[in-house]
Amino acid sequence: MTDIRRGLQVIGKAFSLWWQDWSNQELVSLAFILLSLTVLGFAPALFGVFHQALDLTSGIRTGIAGWWEGVKLYLKDSLLWGLLNLIAMAIFAFTLWFYANSSFSLAPYLVILISVLALSWFVWQFISLACYFLQVERSLKLAWKNGFAVLFTEPLLVLLPGLLAFSLMLLSIRFFIPLMIGSPALIAILGLQCVQATLPPEA
């Protein structure tokens, strides 16, 4: 229960940071939406959101300037991350569609299994992306390893922030309104705060 409580504290702190800088986070989220409309710009735009969110968690409000700096700075890694996740999403979407429309007796169970795997994949990427920005070496491979480590060592801490981030993503896709009020920035802050909560306190 202690880890669950820590997860709630992460959510509270993330929301507080986001709300205190809401005007900047709103502009960053709108910039994210506009660049994402090009499709290829989605991943760079997301990396930019995380870059400025990292500044915010450090007490520095860089807003749009920080977002654009992140877009340019991590362009290569963001495009690779985006490609791999696009492939993964296509596989999950196809298999879900296939088994949801199948008469195979085990199809309903496979739909549940694939849905759980898709959720797990999202939470892993959510945490790994935060790890990428918090680690000294900017390496996707290392970030994915660190993301696994966080998930396996602090599953209950990650549970609530991860589910909230996933819910925000689904609501943003379905209704669009959360996107307009700054959900991408809130998701980024949630991820960073979650991983920061697993780090030992500074001396």
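The model is predicted: local features need pLDDT of at least 70, side-chain atom pairs count only at pLDDT 80 or more, and totals for chains, interfaces and linings use all residues. Residues are numbered from 1 along each chain as its sequence is written, and side-chain values use heavy atoms, leaving out hydrogens and water.

**Overall fold**
- The protein has ten helices and zero strands (DSSP runs: helices are H or I, at least four residues; strands are E, at least two).
- Its C-alpha atoms fill a box of roughly 55 × 40 × 30 Å along the principal axes.
- Buried residues make up 44% of the 203 residues (buried means under 20% relative accessible area, with a 1.4 Å probe and protein chains only).
- Among contacts between residues at least 6 apart in sequence, 72% join residues at least 24 apart (contact means heavy atoms within 4.5 Å).

**Helix 2 and helix 10**
- The axes of helix 2 (residues 22-36) and helix 10 (residues 183-196) come within 7 Å and cross at roughly 105° (axes are lines fitted to C-alpha atoms over the stretch in contact; angles run from 0 to 180 degrees between N-to-C directions).
- That makes the two helices roughly perpendicular (65 to 115 degrees).
- Q25, S29 and F32 of helix 2 meet S183, P184, A185 and I189 of helix 10.

**Loop serine S139**
- S139 sits in the loop between helix 6 (107-134) and helix 7 (140-153).
- S139 is buried, at 16% relative accessible area.
- A polar atom of the S139 side chain lies 3.4 Å from the backbone nitrogen of K141.

How values were computed. Angles under 35 degrees count as roughly parallel, over 145 as roughly antiparallel, 65 to 115 as roughly perpendicular and the rest as oblique. Buried means under 20% relative accessible area, exposed over 50%, partly exposed in between (1.4 Å probe, protein chains only). A polar contact is a pair of N or O atoms within 3.5 Å; within protein, one must be able to donate a hydrogen and the other to accept it, and residues adjacent in sequence count only if both atoms are side-chain atoms.
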